[in-house]
Amino acid sequence: MPAGSTRAALDLEPVTPTLGARVRGIDLAADLPDEAIGAIGAALVAHKVLFFPGQRLDPDSQIAFARRFGELTSSHPVMAPLDDAHPQLWELEGQGGGRSDEWHTDVTFVRRPPLGSVLRAVRLPAHGGDTLWTDLQAAYDSLSAPVRRLVDELTALHDGSAEFSGYLAARGGEGNLWDGERIRSLAPVEHPVVRVHPVTGRRGLFVSPAFTTRIVGVSAAESRGILDLLFAHLTRPDIQIRHRWSDGDVAFWDNRSTAHYATFDYGDFNRLMHRVTIRGDEPVGPADPRAAA
């Protein structure tokens, strides 16, 4: 939130007490005052996923709204953008490379994953195509104290090569600019298993079945056992929400405290979504001196 501004009141309808909220009575295509942007930012941290029904965004206004919350990334490290005029926007086609039917947090296979994502429904099936989100802080809290102490000290490898190396090869090995560097390979990166949220200081799991491949410093068998345990906790139904999309819906989620899953249950329909991501910081764990107090 810009210095010196105050937070405006939002018309919020929580989905659950801790995860998800619908925001009504606001036009994301308008030139919103700093107070409204500050209120949305605070609500994002508190509720982790915000839904804005009945919006009429286009690529330009979607990018303009997302940019109010920070510098934008390219569309994706590997996947081509919508077009040259919109390098920040990734068009996700349900029958192409934009089907994300596995639990994941966006782009954790780079050193600085996005802070958050703004997703807009462009073309929806008559039935199906819902998206689920899970609360990674609640997943951490659900672990017993001895297991929390264990995972607080662990790091893990995140690897996007299985999902995206083919697309990178199809583009001649030339991906997009990310953090000022051209992506030409997808080497695994190491992140803490538990991420400390830079705003609240809350701890949450920072692993996902899609991209987390190995716990560092333990045997392969131990790694599989630990990850299976953590994946079971983060996919518990009682810490999830499920959103049924309608025309004009926009979702904005905190990538530092959630994972999500896009259901593929709409047959041969080509579901179409537009996504923009906001540049994030390097994840830190509980033992890192950079962690919030």
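Tutor: Let us begin with Gln-137, whose place is in helix H3, residues 136-141; helices (H or I, at least four residues) and strands (E, at least two) are DSSP runs, numbered from the N terminus. Please keep in mind that this is a predicted model, in which local features need pLDDT of at least 70 and side-chain atom pairs count only at pLDDT 80 or more, while totals for chains, interfaces and linings use all residues. Residues are numbered from 1 along each chain as its sequence is written, and side-chain values use heavy atoms, with hydrogens and water left out.

Student: Is Gln-137 buried or exposed?

Tutor: A residue is called buried under 20% relative accessible area, exposed over 50% and partly exposed in between, with a 1.4 Å probe and protein chains only. Gln-137 has a relative accessibility of 4%, and therefore counts as buried.

Student: How many strands are in the open sheet with the order S14-S6-S16?

Tutor: Two strands pair if DSSP finds at least two bridges between them. This open sheet has three strands, with antiparallel pairing, and its edge strands are S14 (240-243) and S16 (258-262), each pairing on one side only. Strand S6, residues 131-135, is joined to S14 by four bridges, and in one of the pairings between these strands Thr-131 has His-243 of S14 as its bridge partner.

Student: What is the order of the open sheet of seven strands?

Tutor: That sheet runs S1-S2-S3-S15-S5-S17-S4, with mixed pairing. Strands S1 (11-14) and S4 (89-93) stand at its edges with a single partner strand each, so one side of each is left without a neighbour in the sheet. Within this sheet, S3 (residues 49-52) and S15 (residues 250-254) pair in the antiparallel sense over four bridges, and Val-49 stands opposite Trp-253 in S15. Helix H1, residues 34-47, lies across S1, S2, S3 and S15, running at about 125° to S3; axes are lines fitted to C-alpha atoms, for helices over the stretch in contact, and angles run from 0 to 180 degrees between N-to-C directions.

Student: How many helices and strands are there in the protein chain?

Tutor: The protein chain holds six helices and 17 strands. Its radius of gyration is 18 Å, close to the 19 Å that the globule rule gives for 293 residues, so the chain is as compact as a globular protein of that length; this radius is taken over C-alpha atoms, and the rule is 2.2 Å times the number of residues to the power 0.38. Buried residues make up 51% of the 293 residues.

Conventions
Contact = heavy atoms within 4.5 Å.
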